[in-house]
Amino acid sequence: MKALTRLGLLMSGLFLVSCSTLRPSSQDAMRAVLDTQVAAWNRGDVEAFMIGYVTNEELRFAGASGVNRGYQATLERYRKAYPNPSAMGQLTFSNLEFMPLSGRYAEVFGRYHLKRGGSYKDATGLFTLLFERTPVGWRIRHDHSSALTP
């Protein structure tokens, strides 16, 4: 009986350890989504940038202008806030932290930087993303981005 109890505890411990670490391939896949978004953004292609998000009504974006729910509402928010390549600027992400939540979900925290020209000021801020493993790969389900004042 003691052997079964120990085996149960060992198995439980192994399960918890496996849930608390992201496989390198999962982290690499999420990083690839973010890299693809940066490349699309820097080309001025909002639609390609949005490929990193889930494409359903479960998507939630929260920022300074409030909360948008759903893929289409989030796309329209980006189009309105960034109407042209000058407004979009050049995007970079830094200080990325990946935290597994389960085999299906992970959190990514980081900083964004927008270098812009013309009448647009540079912008920087923090973001927290909830990634979901979907049939087409890792996609962003929730995005909370907050601008920082210089």
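User: Hi! Which residues have the most contacts inside the largest nonpolar core?

Analyst: Hello! In this predicted model, the residues with the most contacts inside that core are Trp41, Phe49, Met50, Tyr53, Tyr78, Val108 and Phe131. The core has 30 residues.

User: And which elements give two or more residues to this core?

Analyst: Those are H2, helix H3 (46-49), H4, E3, strand E4 (105-115), strand E5 (123-134) and E6. The largest share, 6 residues, comes from H2.

User: Let's look at Trp41 then. Is Trp41 buried or exposed?

Analyst: Trp41 has a relative accessible area of 3%, so Trp41 is buried.

User: What is Trp41 in contact with, leaving aside neighbours within four places in sequence?

Analyst: With those neighbours left out, Trp41 is in contact with Phe49, Tyr78, Tyr82, Met88, Gly89, Leu91 and Leu114.

User: Some of those are aromatic. How many aromatic pairs does the structure hold?

Analyst: There are 9 aromatic pairs in the structure. One of them is Trp41 with Tyr78: the ring centres are 5.9 Å apart and the planes stand at 75 degrees, so this pair is edge-to-face.

User: Why does that pair tie together parts that are apart in sequence?

Analyst: Because Trp41 lies in helix H2 (residues 24-42) while Tyr78 lies in helix H4, the pair links parts that are 37 residues apart in sequence. Tyr78 has 5% relative accessibility, so Tyr78 counts as buried.

User: What about Trp41 and Tyr82?

Analyst: Trp41 and Tyr82 also form an aromatic pair, and that pair is edge-to-face, with 4.8 Å centre to centre and 75 degrees between the planes. Tyr82 lies in the loop between H4 and helix H5 (85-88) and Trp41 in helix H2, so this pair ties together parts that are 41 residues apart in sequence. Trp41 and Tyr82 are both buried.

User: Which residues form one aromatic cluster with Trp41?

Analyst: The cluster holds Trp41 together with Phe49, Tyr53, Phe61, Tyr78 and Tyr82.

User: What lies over the face of Tyr78?

Analyst: That is Arg77, at 5.0 Å from the ring centre.

User: How is E1 joined to E2 and to E6?

Analyst: Strand E1 (residues 60-63) runs antiparallel to E2, and 4 bridges join them. E1 and E6 run parallel and are joined by 3 bridges. Ala62 has a bridge partner in each neighbour: Val67 in E2 and His144 in E6.

User: Last one: how many bridges do E5 and E6 pair over?

Analyst: E5 and E6 pair over 11 bridges in the antiparallel sense.

Note on methods:
Residues numbered from 1 in each chain as written. Predicted model: local features only at pLDDT ≥ 70, side-chain atom pairs only at ≥ 80, totals over all residues. Heavy atoms only, no water. Pairing = 2+ DSSP bridges. Phe/Tyr/Trp six-rings, centres within 6.5 Å; stacked < 30°, edge-to-face > 60°. Buried < 20%, exposed > 50% of the residue type's maximum accessible area, 1.4 Å probe, protein only. Lys NZ or Arg CZ within 6 Å of the ring centre and 35° of its normal. Core = buried A, V, L, I, M, F, W, Y, C linked by side-chain atoms within 4.5 Å. Contact = heavy atoms within 4.5 Å.
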